[in-house]
Amino acid sequence: MAEKRLGIIMHGVTGRMGTNQHLIRTICAIRDQGGVALADGTRVMPDPVLAGRNADKLARLAKAHGVERWSTDIDAALANKDDILFFDAASTQLRPTLLKKAIAAGKHVYCEKPVATSLPAALDLYRAAKKAGIKHGVVQDKLWLPGLLKLKMLRDSGFFGNILSLRGEFGYWVFEGDWQPAQRPSWNYRKEDGGGIILDMLCHWRYVLDNLFGEVKSVSCIGATHIPQRWDEDGRKYQATADDAAYATFELEGGIIAHVNSSWAVRVRRDDLVTFQVDGTHGSAVAGLQRCFSQARVNTPKPVWNPDVPQSIDFFDTWQEVPNNVAYDNAFKAEWELFIRHLFDDTPFQWDLLAGAKGVQLVDCGLKSWAERRWVDVPTLAA
């Protein structure tokens, strides 16, 4: 069987998500399965070079996962004509500069989000890529989570009838780092280092809402720094300067109202770390990362408000789980395979740098809403 090589410069994969999701569960998994199949039966085999600043970390990571190449010299890596794709999962603040260098070197680019910390910078990236004629994509992984794919199936089947509203709950308690180590890096809580949950999560909610329910038309958002002091990886106390919670309401195309709470200062008592409840005229559904439960109009219970007696209905028991009728792949891997086919087969790929800029646009509008304490319209983003 014919095989094509795909040389990938993978920058920023020594971090937790870069290592686990992009290297191990995606690129290594694709290599283990024999590559990505193209329309003509040819298979594309990724050949990564791990790039970053810490030689020891890169060497250990490469050795642990059978990757032959690594480099601390980004310029030299970009100069290699045999590596046609640049991937970045490092700091948001550095991303625009790195992507511009890769685009100038003629590389196709694929990256994590946010693509930038401001809308002008995000649009500048998109326009540079468009002018250079290279292919580009942005990670929008939640669209391929089993729970959200089940929501999409219910939507496509007409199960909901007219969708009325969506309620999202995201977050968990991130330990402060004093008596128990924090499970997120300290830069997340420093605005000067690109931290903040609005910047982090509204990019996600933009593509989830736009793709599954309706284009975002306006937003009302308030942020908070609930935990003012935290301790970093070296046990040093620092002042949290970034928002660690956001409470946002969105008006979507078609009049759908969505409200999503995002917090790193909340304790979980729900089905998963993120849940979405969709309510429609004919049915409702609640989805987490993996599982999804539905309740149709015909089997919706009829509660009566009476606070003087114990509740007789077990509301959790009145929902039916949507079965796993198909095999679901890792969400990051699923999108990577689509992008690789886009590179070689020129198949459509809509999750590009403009889609990434839309996420940053919603961040800007959310921050403006918080600062000015008002609703902010989200205009159509011109290419």
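Modeller: Let me begin with a pair of helices: the crossing of α7 and α9 is right-handed. A crossing gets that name if the near helix is turned clockwise from the far one by less than a right angle, and it is left-handed if the turn is anticlockwise. Please keep in mind that this is a predicted model, in which local features need pLDDT of at least 70 and side-chain atom pairs count only at pLDDT 80 or more, while totals for chains, interfaces and linings use all residues. Residues are numbered from 1 along each chain as its sequence is written, and side-chain values use heavy atoms, with hydrogens and water left out.

Colleague: What makes α7 and α9 oblique to each other?

Modeller: The two helices pack at an angle of about 120 degrees, with their axes 8 Å apart; the axes are lines fitted to C-alpha atoms, for helices over the stretch in contact, and angles run from 0 to 180 degrees between N-to-C directions. Angles under 35 degrees count as roughly parallel, over 145 as roughly antiparallel, 65 to 115 as roughly perpendicular and the rest as oblique. The angle of about 120 degrees is therefore one of the rest, and α7 and α9 are oblique.

Colleague: Which residues of α7 and α9 make the contact?

Modeller: From α7 they are I198, L199, L202, C203, R206 and D210, and from α9 they include L362, V363, G366, L367 and W370, where contact means heavy atoms within 4.5 Å.

Colleague: How do you know that α7 has the span expected of a helix?

Modeller: Helices here are DSSP runs of H or I with at least four residues, strands are runs of E with at least two, and both are numbered from the N terminus. The expected span is 1.5 Å times one less than the number of residues; α7, residues 197-212, has 16 residues and reaches 22 Å from its first C-alpha to its last, close to the 22 Å expected. Helix α6, residues 146-157, agrees as well, because its 12 residues should span 16 Å and its end C-alpha atoms are 16 Å apart.

Colleague: Why is α7 called mostly covered?

Modeller: Of its 16 residues, 14 are buried, and buried means under 20% relative accessible area, with exposed over 50% and partly exposed in between, for a 1.4 Å probe and protein chains only. In α6 the buried residues are P146, G147, L148, K150, L151 and L154, and they pack against α7, β14, β15 and β16. M153, also in α6, has a relative accessible area of 44% and is therefore partly exposed.

Colleague: What makes D279 and R167 a salt bridge?

Modeller: A salt bridge is a side-chain nitrogen of Lys or Arg within 4 Å of a carboxyl oxygen of Asp or Glu, and the closest N and O atoms of D279 and R167 are 3.1 Å apart. D279 lies in strand β14 and R167 in strand β8, so the pair ties together parts that are 112 residues apart in sequence. D279 counts as buried at 14% relative accessibility, whereas R167, at 48%, is partly exposed.

Colleague: How many salt bridges does a search of the whole structure find?

Modeller: The search finds 24. Among them, K101 in helix α4 and D75 in helix α3 are linked although they are 26 residues apart, with N to O at 2.6 Å. D329 and K333 also form a salt bridge, with their closest N and O atoms 2.6 Å apart; here K333 is buried at 5%, while D329 is partly exposed at 38%.

Colleague: Why is D346 called exposed?

Modeller: Its relative accessible area is 53%, which is over the 50% cut-off, and so D346 is exposed. D346 is in the loop between α8 and α9 and has a positive phi of about 60 degrees although it is not a glycine. R373, in the loop between α9 and β18, also has a positive phi, of about 50 degrees, without being a glycine, and at 67% R373 is exposed.
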